Amino acid sequence: MTEKASVCRSCGGARLDTVLDLGRTPLADALLREEELGRPEPEYPLKAVFCRDCSLVQILETVPPEELFCRRYPYYSSFSDELLGHSRENAIELIRTMRLNAESLVVEIASNDGYLLRNFVQNGIPCLGIDPAEGPAEAAERAGVPTHCGFFNRELAAKLRGMGKRADVVIANNVLAHVADSGSFLDGIRTLLKDDGAAVIEVPYVRDLVDKSEFDTIYHEHLCYFSATSADRLLRSRALFLNSVRRIPIHGGSLRLYIGLRDEPDASITGLLAEEKRDGVDGFSYYNDFAVKAENIKNGLRLMLKILKDGGNRIAAYGAAAKGATLLNYTGIGRDFIDFVVDRNVHKQGLYMPGRRIPIFRPERLLEERPDYVLILAWNFAQEIISQQEEYRAAGGKFIVPIPEWKVT
Ligand code: JHZ
Ligand code: ZN
């Protein structure tokens with residue numbers, strides 16, 4: 001059973017205006033097994049709204065987290081070299097700036113397969129990963145990253161503190177937006193942090209989402225779409241303080257938030273808050289034409305694929321990403337256009353995209369089948385993907401990048 005919010009997830013305000021209605025869609029990471037193809041998939045409403053009181057963009061439907069993140073969760077962070085490099089740099093910088101050593105403790109919430117914490121392990125810094133998804137958590141343990149398999153909340157933090165654990169750094173990347181009970185989550189972080197510790201949290205930036213028409217990053221796992229303004233208000237309500245911020249390119253554009261127990265904002269945060277105010281990111285009109293942008297991408301992409309198909313071209317797709325599921329389901333692009341999807345993640349291969357039911361194979365299939373065009377669903381990693389596919393390109397293969405507006409390369 002899902003729950004439908006009628007008030008803002010952050011401030012409780014009731015003045016919620018629709019930003020984009022994506023209709024009813026299946027869960028973006030609920031990839032299907034062959035034997036499940038005969039059955040209908042559960043579909044849930046997917047509607048993004050803007051809170052006129054605290055400016056948080058959010059979706060209304062809450063799918064229970066056990067249904068989204070546990071047994072069959074197929075997302076493993078370690079299949080992107082760019083993400084691994086980004087994470088290594090983050091870890092090395094934190095080791096230096098926070099002066100971490102063998103006496104320190106780093107806790108990562110949503111540690112997935114240990115893609116980030118392995119850098120601390122390699123440097124002899126004690127760490128603990130926390131993640132409810134069993135497959136990735138087991139992979140992390142195998143890689144030598146101590147991992148607790150479970151959800152992070154107020155209770156778990158109190159238990160860890162009761163065991164004498166206090167963290168110098170709590171890292172939480174791409175998870176705050178996934179949490180329905182953000183109060184319990186943030187209280188947990190406050191409980192776990194040492195008095196002079198820092199929480200370092202990455203969230204996709206709603207400004208990048210809107211400016212670059214990244215409508216496909218809206219799916220049921222992502223409950224909130226933060227600006228610095230809306231994040232600041234939520235954190236303050238839990239006695240946590242946004243002290244520094246950085247715009248980073250990962251995942252189509254994100255914010256890295258540096259948070260402490262004391263209110264000591266630096267120029268980066270006061271600057272970004274002022275910039276958001278100046279540019280109206282905290283007002284509804286900023287989001288007003290977003291639905292039209294999504295509609296334009298849908299129509300443009302469909303038309304272009306139809307022309308290619310009518311011309312006798314064969315088309316495949318790259319990246320069985322969650323965002324790919326939103327894009328295919330919202331645009332209605334299915335097996336009539338796309339013959340198959342490829343993905344490096346071995347846990348996704350052999351399965352089918354939710355809704356559109358397109359089979360997922362290993363990337364080598366591109367060279368074997370040589371489709372004329374490949375639609376990159378994981379457009380956030382387009383460069384990395386294209387540079388891995390030199391041989392396919394040299395043989396005449398072409399890529400279509402759909403976001404921010406489709407282009408052939
Ligand atoms: P990717 C993920 O979303 C998961 P998704 C999550 N929902 C989240 O919050 C956001 O990130 C931020 C594959 N790939 O990471 C790997 C290759 O095959 O863009 C992935 O399956 N070869 C928690 O799922 C997919 O593409 C490659 O060379 O939308 C990318 O998915 C590369 C680079 C990736 O995100
Ligand atoms: Zn609100």
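Which residue takes a positive phi in the hairpin of β12 and β13? The legend to Figure 1 gives the answer; every view is drawn from a predicted model.

**Figure 1. The hairpin of strands β12 and β13.** His 251 is the residue with a positive phi, near 55°, in this hairpin, where five residues lie between the strands. Strand β12 spans residues 241-248, and strand β13 covers residues 254-260. The two strands pair in the antiparallel sense, over seven bridges. Within this pairing, Leu 242 has Ile 259 of β13 as its bridge partner. Strand β12 is mostly covered, with six of its eight residues buried.

Figure 2. Strand β10 (residues 193-204) runs antiparallel to β13 and is joined to it by six bridges. Opposite Leu 257 in β13 stands Ile 201.

**Figure 3. Strand β6 and its parallel partner.** Strand β6 is covered on both faces. Val 106 and Glu 108 are buried on one side, and Val 107 and Ile 109 are buried on the other. Four bridges connect β6 to strand β7 (residues 127-130) in the parallel sense. Cys 127 in β7 is the bridge partner of Val 106.

**Figure 4. The packing of helices α8 and α9.** Two packed helices are described by the angle between their axes and the distance between the axes. Helix α8 comprises residues 228-236 and helix α9 residues 267-279; they pack at an angle of about 120°, with axes 9 Å apart. The two helices are therefore oblique to each other. From α8, the residues Ala 228, Thr 229 and Asp 232 take part in the contact. They meet Ile 269, Leu 272, Leu 273 and Glu 276 of α9.

Figure 5. Phe 284 is located in the loop between α9 and α10. With a relative accessible area of 14%, Phe 284 counts as buried, because the cut-off for a buried residue is under 20%. Leaving aside residues up to four places away in sequence, Phe 284 touches Asp 17, Thr 18, Val 19, Phe 50 and Arg 52. Phe 284 and Phe 399 are separated by 115 residues in sequence and by 35 Å in space, C-alpha to C-alpha.

**Figure 6. The site of the zinc ion (ligand 2).** Four cysteines provide the protein donors through their SG atoms: Cys 8, Cys 11, Cys 51 and Cys 54. These donors lie 2.2 to 2.3 Å from the zinc ion. Along the chain they follow the spacing C-x2-C-x39-C-x2-C. The angles among the four donor atoms are 103 to 114°, and the site is tetrahedral. For comparison, the ideal angle for four tetrahedral donors at a metal is 109.5 degrees. Cys 51 and Cys 54 are both buried.

Figure 7. Strand β15 (residues 341-342) runs parallel to β16, and two bridges join them. Val 342 stands opposite Phe 361 in β16.

**Figure 8. The covered helix α11.** Helix α11 (residues 322-331) is mostly covered, and 10 of its 10 residues are buried. Among them are Lys 323, Asn 329 and Tyr 330, as well as Leu 327 and Leu 328. The cover over the buried residues includes β2 (16-25), α10 and β17.

Conventions
Residues numbered from 1 in each chain as written. Chains lettered and ligands numbered in written order. Predicted model: local features only at pLDDT ≥ 70, side-chain atom pairs only at ≥ 80, totals over all residues. Heavy atoms only, no water. Donors = N, O, S within 2.8 Å, 3.2 Å for Na, K, Ca; no water. Tetrahedral: all angles 85-135°; square planar, octahedral: opposite > 155°, others 65-115°. Buried < 20%, exposed > 50% of the residue type's maximum accessible area, 1.4 Å probe, protein only. Pairing = 2+ DSSP bridges. Axes fitted to C-alpha atoms, helices over the stretch in contact; angles between N-to-C directions. Parallel < 35°, antiparallel > 145°, perpendicular 65-115°, else oblique. Contact = heavy atoms within 4.5 Å.
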